[in-house]
Every structure is written in structure tokens, then in C-alpha cells.
Amino acid sequence: MSAKAISEQTGKDFLYKYICTSAAVQNRFRFAQVTAETDLDRLAQEHPWLLTEKLVVKPDQLIKRRGKLGLVGVNLDLNGVKQWLKPRLHKETTVGKAKGILKNFLIEPFVPHKQEEEFYVCIYATREGDYVLFHHEGGVDVGDVDAKAKKLLIGVDEKISEESVKKALLTHAAKDKRAVLASFIVGLFNLYEDLFFTYLEINPLVVTKDGVFVLDMAAKIDATADYICKAKWGDVEFPPPFGREAYPEEAYIADLDAKSGASLKLTLLNPKGRIWTMVAGGGASVVYSDTICDLGGVDELANYGEYSGAPSEQQTYDYAKTILSLMTREKHKDGKVLIIGGSIANFTNVAATFKGIVRAIKDYQQPLKEHEVQIFVRRGGPNYQEGLRVMGEVGKTTGIPIHVFGTETHMTAIVGMALGHRSIPNLPPVAAHTANFLLNTSGAASTPASSRTSSFSDNRAKGVEGSAAEKPVAGPLGKTFLFSCKTCSLQPHKQLIDPVSQPKVTTLFTKQTKSLVWGMQTRAVQGMMDFDYVCSRNEPSVAAMVYPFTGDHKQKFYWGHKEILVPVYKNMSDAMKKHPDVDVLINFASLRSAFDSTMETMQYPQIHTIAIIAEGIPEAHTRKIIKAADEKGVTIIGPATVGGIKPGCFKIGNTGGMLDNILASKLYRPGSVAYVSRSGGMSNELNNIISRTTDGVYEGIAIGGDRYPGSVFTDHVLRYQDTPGVKMIVVLGEIGGTEEYTICQAINNGRITKPVVCWCIGTCATMFASEVQFGHAGACANQASETAMAKNTALKDAGAFVPKSFDELGDVIQNVYDDLVAKGVIVPAEEVPPPTVPMDYSWARELGLIRKPASFMTSICDERGQELIYAGMPITEVFKSEIGLGGTLGLLWFQRRLPRYACQFIEMCLMVTADHGPAVSGAHNTIVCARAGKDLISSLTSGLLTIGDRFGGALDAAAKQFSKAFDSGMLPMEFVNKMKKDGKLIMGIGHRVKSINNPDMRVQILKDFVKQHFPSTQLLDYALDVEKITTSKKPNLILNVDGFIGVAFVDLLRTCGGFTRDEADEFVEIGALNGIFVLGRSMGFIGHYLDQKRLKQGLYRHPWDDISYVLPEHMSM
């Protein structure tokens, strides 16, 4: 959602901080908040004025007309405030249809004033600009301000002035107050713009001789502008509408949503209800809520919510477990139902998201059984068959009744099943994968050269009555009509397109359309190319890509069976110069950069259509885009859209889903039906419905869910009216806005003559006690005429074909289509199979259709899921368990969770081997390299390369030698004698400096720990016996640190209980123990490198007097 209501306290705080006006704004920051936890005596200490002034107290919970409801206490002292609050604070009250608890109050100074000193000011956003409303009589009895108030429209990018305010708004205001009012209104408007308000109302605004007083205020801000306004806004809290509690689960999901590129929404309506939903898609979620309410389930509907935008498995798991946790807290006498629904996804991997839901169901299987929960699933989209199979399997394994349906079932049919209004069919098993449609089913040995490229009805007989094909009606795209009918009193205010605007093209896409794609969206581009190929286009529709974060290069894609290269440019200008045939931009830029990249694109006259995919672009930016587009004759599709599709010609990005859906919905060739929808997911559902009930789609556009889409329903409906190949039009409208009334007027005055089937979703909104913001930013009715019910009635009265519910939409479309066929307006043509397109290897592997030997195997780490896993242990568990570095090493090296003492021993070994001064060969080499100006990696490598049997590499060798001698039953003396006889050194014995008289404290520390904690030290004891023999011959032949670690580690592996004898021996054999020295000493080498850099040591040259020059005698003459 974009426009969100803020509390009065937050709104006034913004105003007092940031308004810039010459008017004297009084009582700045003089307000105090009161809740049930507030100590009023302490509050008085923080705000001394509470004790000295008369006060006003009122609830601050988004309640309208508080004065009329008796919810304002006026002219009270602090004791009076306390008495006034007693019967109200934390008590339930009813406001309209909503019942709620009064829990948050605001205390402000009372402002004595006269009635004639009260004024009304309001600023609100519309598509064409911002309206400033002013009435010279404010207060509780202001009445119908829309009819009474003076209005001033400040167009997009226009500036407000005091002169224009005085002239347009203040003609009835007292002359002595006009200057103050004008200055204040200008300052208020600038504040409104700077802080991205969408609505700001002050009633009353009081102006006295002392200055300006803001008494009551209501406001909304554009929450999507948070990244712009964060510094000024701070952390804004958005209170729920009165009558609906703010639940912590809602806040949790909102936090997930904020941290995700996907969309996750949750609103709790009735936590005790028996009907719960988990719906994919902003539009689909509204349709499911509508259907539940239509079938009498409004009182039992527990929640509204949606997940969309390809959430990850972990995100859907977190979302699903929140829903399941809520619905299994309180039992219902009739049991409960969970509706996991959705339209046909465009790009979301259904199986991947279902994995998260399945995990949650498994976690909650016992509570779900106890609460007698039945689950109904309907979904389509990429890999949906696998998702449905997995969902069905979890039902069988857990014993939870889960009923699973795919695209063969109408989207909302499961609602009737869940509520007992229709029987649950026994469907045959769904296909195992999505590859079925990718094979040539014509029976011919070769792929046909081309598919049908014309509409089914293009070859019909001329002169059929009722057709608009022979008499195209001229008219500029986007022309608006003013509507007045018995069901609506919508008044004209402004044309959508100014007279100075450039005309826009009627045909947006052809078979020759070339596009640029902004953003490195390789999957979407490949999908477009596959669509182009299956439509038998001669060339790909994507001419190039623009991606400013890399240099110019080529990107590889598939064109049918062969690979092609598509240029990628760093700069838009280069792309435009080198591809003058491009006339469409598909903009995948993020919400932060979509505005700039779109405005830049419109500088190039060759572009006539731009699709903006990003969701969450601030409305002020969108309106600037719309204005520029109208001036330049550019059609904007979006923002917040999946795009659109013209079968047989062109598709935008991910529209229409993957190739199996393209083929199943016959989108590779044109039909006779054109549609326009707000929702991207629902547009794909329309593809499915239309393909099943008619000869298919001619063109379909999803204009996007924002309040101000770049193009509106009428723009596209009028294009379809003027397109001969379109024989009937389908419009899927939505609650919010009034654009559907323009369609009504166009039908009434004959501008639209083709049959229009229309349904507005969101009919459930009027049944809810409190306001619910649906998934789309624009899906909110601000007045009665914007409700879905009002618009559906108006459309029906105007002559559009309006079903009774979304359930019947397909039937109505089929009836209209059959009638056109019967009249000869549409003549179905023979179906021609499309060319086949090979499946991508990655997708075939995802579906389990192919297998291939892996290049290499790993068993210690898995980074593919939502959480990094070390040897089967999630990284979060690694930290929770506090296993430390030693435990982490145990997981990655030995694939075991080692005992605590073993982890500590490993860490001690790393500590004692970390460094042994600059003189040893490894440190010396590292220092020489560092001083030669080499980088860290090179210097470290130089030091590590010296490690071997002579330096540091004796751990493995010592472990092997001592183990072999001990295991063979050889006595320590026999072992020493044999090594001497064989002329071999005993690895791990001997030290250059340390001796029996000067012991190595590192060894002593380790020995004390091992003796105290290890279950057994047989090999260590054996080595110490050997040390007694060797030191009797020479005192420095001690068991050194390498030897000690080697033999102690063998004891650890053999006796800790985590390894078999063979496994312990294998780790010794493959060199695991030397890794301890390498890892430990790397810390020291890095320290030496940093030390030399910090000391700024120059190039090292070894002194000649430390070198013994021994030359051959004949050379020394």
C-alpha cells in the first residue's frame, strides 16, 4: 500500500517541524499522548503547561467526526481531563459499524476563539495534480465541503503562489486574514509536497490575532517514499483503522515484507473465525475474499492477506507458519478451513513456494488435526504440477485432508467446496511436470514453419451487422467522457489528457516490434525470446539490454535451438543510437531508479511504449511520469505490473508465465478477445479463462495496481474498440478510483460499440466493519462511488455484460462469445500447432526430467537453501549452540559435532601454533614478500609453501609413525632402535631451542588439558615414553608441539566416540592434522604481513656479511 493514514500526533509533529511560513503557527509541539499506562502526574511534570492551561482531550485513533460523536473534551483542567477519561480510556465504543477500544488519546491546549475565526483546509492528491480545498467556515458543522469549498488545482510539477491562493480560495475570507491564510496555505502545500503527503486536512484551522492554530488534523503519507523521506519522517508508526487491533503477527509480516523484494501482507479480521486464507497475488486475494463473502462467509472470514512477487521458500514458510499458528489457537465447533489459492503465476516457481508451506504444515500437523482443519489448494504457474503433487503427498503422509486442484479448476471453485456449497470432485492425477506442452503434438515429423498469425475472425464475410471493423471510429487515445447515470453522481472535473498532449498510437505491438530491456533480467528476456520463437517471429523482439552497472558486453540467449548474442549497454544513449528500430522499453529498474530511467527514456522520440515493472514507486514520481508521457505521446504500462501480451506478436517480460502456460492458453496466436486488468496474476488467469471459453486472447494488458497507473482502463478499451481484430472486450476492474464510469459513458454515447464484459473485484469491502487495504495500492474506496458494487451496478446499467460474481465471469464471457459466433461476427479458424522450443537444461533439471553426473561432490556444506548448512547443521544453530571455531572446524573437517572438550582442544592447538616468531622459514618468507610490495594473498602463500616435514608439517608424519609403532605392539625402546637402524628421524621429536631443561610451555599447556579432559591418552603416553628414551641421549630431543598435537589428535579421534577406528585412521592418512598447523600458522603469517605494512618496511636485502661466499678455488684468483 502507498497512501497510509498517520496519527494526528505524527501529522502535527511533521507540520510543526518542517512548515515554512511567515504566519505565526502557535502551540508548536504542545501535545501530550495518553494511554492506559500513562501516569498523568508524571506527564504533567514533562509538560508543565498541562497544569496552567485549559485543555482539550480527544482520541487519536483515525476516528472521523469525533466532535459529533461526543469524543472531544473541551475547556477542561487536568483534573477535568482525568474525569473525562475515566469512562472512556480503554473502554469499548462503537463508531459506525466498527467496534473498538479507545486506547490512545491526545491532550492539547484549549484555544478560545470565535466561530468566524474557524476555517477548513484540505489538500489531496489526484492523477492530474493536487487539489487545495478551502472554506471560510470550518468546524464540526462544516457539512459537505466537496460541494461548498473553493478548489485550486496545482498541476503536477506546478508551483503554488500566495496570489493564486488569494484569488482562487480566499474570496470569502475576511480581508484582514487573507495574507496570513495565504502564507500558511502555501507553506502547508510545500510541506505536503516535500514530505510526500497524499492527504492533509485541517478542520478547524483557527486564525486569531495571536496567529494560526491547527486544532484538528487528519493525514495520509505515501509510505513508498520512505527511502526518500526517512531522514525527516524517522520511524513512522501507521495505526490500524479504528475497530481493528494491531496484532503482533501483522507487524511481523509487515517486517518480513519490508525486508523482502516479494510482497507479504496480513490483516486479521476475526481471529476466532473458521475461514482462513493464504492466497498468492494481490488481485487474487481480493477475488477469494469476495467469493467467501458472496457465499455467506463474511462473519467467519478470519484474515485477509497475500503473498506474491516470487517469495523464497523461507519467506513462504515464515508466512505460512504465522497463519497456521493463528488459526490453531482457538477451536471452532465446526472445524476450520484453510484456502491456499491463487491465480496462474507469471514467474513464481509454485513448487518452491509450496515447499515452504509444506514445511509449515508438517510443523503444525498435530494442531491442525486437533482443530479439524481442512485445506483446499488451487494454483497454476511455473512448476505448479510438482507443487500440487508435493501438497497432495503431505496430506497423505500427515493425515490432514488436503484437496488439490490445478488450472483445470476455476480459480474460486475451491471456496464453494470449502464452504460446502459444491461437492469436492475426484480428479485424475495431475501431470508430473510442465514439459507436456513442449512437444509437437501435430503428428508431423517436422515443425511447421509458421503458426496462424491472424485473428480467428479475419477471414469472415464482410458486412456483418454490429461490427466496428469496417467503420473504425477516430479519436485520440485517452479521451475521457463525463458520466452521469441513475446509480452515480460523478461530476466532471478535468480531462485525463490535456489538449496539448501528443496523440498516442493505437497499436502498441506488432510482429516487428523491437524492445530494449532495462535491467539484467535474463530469465525474462529468455522467456520473451521463447515466446517470439513459438509465435514464428523472424527475429527476437529484444534488440538489446541496458544495465548501467557493467561495461558494454554481449549476453548469450537461446533462439530456438541455437545460441545468439544480445548486446548489453551501459548507457541508454548508446543503445538508442545503435538500435533506431526500437520503440518499446521494458523497465525492470528498482523502485529507486525506475523514475530516473523512465524519464531518461522519454527523451528519445523513437520510444512510444514503456512498461514499468517495479512496485512501490512514490505516487508523486508516477504522476510526473504520466505528465511527461502525455506530453510526448508515450503509452505507459504500469508501474507495479507484470506487463502485457499480444499473442502471436509480443510479450512484456514475464507476462503469461512459462512456455507451457503460453501454449496451454494458446497465446502463441491471436484470438478475438482483448482484455485489460489491474492485476498481473489475474491477467494470467484471464488468459486461462478466455482460452477455455473463446477462441483466445487478441491482446491483454495489466495496467498495474497503483492508484495512478500510467495508462488507465479507458486508454486500452478505446484502443481495442478501434482495432478491427478485437471482437469483444473484457475488463477486470477493481475497488478504488472511478475510471470504470468513463467506460460506462463511452458505451452510453456510442464510442464503444463492441461487447464489453466487465467485473470489478473488491465487493467484499462494504461488508467489513473496518477499512481493509487490499494488496494493490489503489484498491481502496475513498467514497461510495469507488466501491466495487457501485461500479458493477453502473456498468450493468450502461449495457456492459456484468456477471453476478467472479465465479460466473467465464460463463458470461462464453455466452457473449457464442453469440458473436452465432451472428458470424467471429468465425473460428483452424488451429495450427506452433513450433517446438527446447526446454532449458536448468528448468528440465528442476522438473526432474533429466539427470547428469555431477562435476564434483561435496558433503560438508550446502548454500543452496535459505540458510547455510555446515555438515547438516544450519548456521543459525551453529551460533545458538555456541560451538565456537573448534566446533565449526569439527563440522567442516570431520563432519561431526564434536564434544565440547574436543572443540576447546582444537582451538588451543590453533592458538599455540599461530606464530613462533619472525625467524622461522614461513614467517621469514612472508615478511620478505610483504616488504617486496606483494599483496596479502601472495605473501601468505609464500610463507605457507615452506610448510613440510622440516617445518611445521610433522603433525601427520608424527601421528602416522607413533600410531604404526603403537598398533604393532612395538615397545618404545624397540621403536627408537628401529628408527635409528633404518636411518630415519622420528617425526615430532626434537627442537632447536627447547629441551628437557627448558621445556616448551605450549606443550605443557596442551598436556595438562589433554590429561584432564580426554577419556584415554594411550598414544600420548606411548610418545612420552619415547621422549624419555630420546632425551636421555640428548636433552633437546623432546616431544615438540607438532608431535604432541599429532599423537593427541589420534587419541581424540579414536576415543571421543564420534568415529570408528577406520574413520579415525583415514583422517590421519589424508592429512587432516597438518591442516591444524596450516590454519593456525596462517594467522601468524597474516599478522607478520600486516605488521610489515604498518611499519612501512622497505624492500628486504639480505646483508652480505651474513652470507658465506664459497666459490671454486680457480674462480677466486
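Two strands count as paired here if DSSP finds at least two bridges between them. The strands themselves (E, at least two residues) and the helices (H or I, at least four) are DSSP runs, numbered from the N terminus. With that in hand, let's walk through this protein.

A word on where it comes from: this is a predicted model, so to speak of local features a pLDDT of at least 70 is needed, side-chain atom pairs count only at pLDDT 80 or more, and totals for chains, interfaces and linings use all residues. Residues are numbered from 1 along each chain as its sequence is written, and side-chain values use heavy atoms, with hydrogens and water left out.

**The whole protein**

There are 38 helices and 35 strands, and the C-alpha atoms fill a box of roughly 115 × 95 × 80 Å along the principal axes. Of the 1117 residues, 55% are buried, meaning under 20% relative accessible area with a 1.4 Å probe, protein chains only. Take the contacts (heavy atoms within 4.5 Å) with a separation of 6 or more: 74% of them join residues 24 or more positions apart.

Tyr 675 stands opposite Val 730 of strand 31, while Glu 734 stands opposite Ile 761 in strand 32.

Elsewhere, 3 strands form an open sheet in the order 33-34-35, with antiparallel pairing. Strands 33 (861-862) and 35 (873-874) stand at the edges with a single partner strand each, so one side of each has no neighbour in the sheet. Asp 862 has Ile 869 in strand 34 as its bridge partner.

Here are the strand pairs side by side:

| Strand pair | Sense | Bridges |
|---|---|---|
| Strand 33 and strand 34 (residues 869-870) | antiparallel | 2 bridges |

**Helix 38**

Helix 38 runs over residues 1072-1094, which is 23 residues. The expected span of a helix is 1.5 Å times one less than its number of residues. Just after helix 38, Lys 1096 takes a positive phi of about 55°.

Conventions:
Buried < 20%, exposed > 50% of the residue type's maximum accessible area, 1.4 Å probe, protein only.
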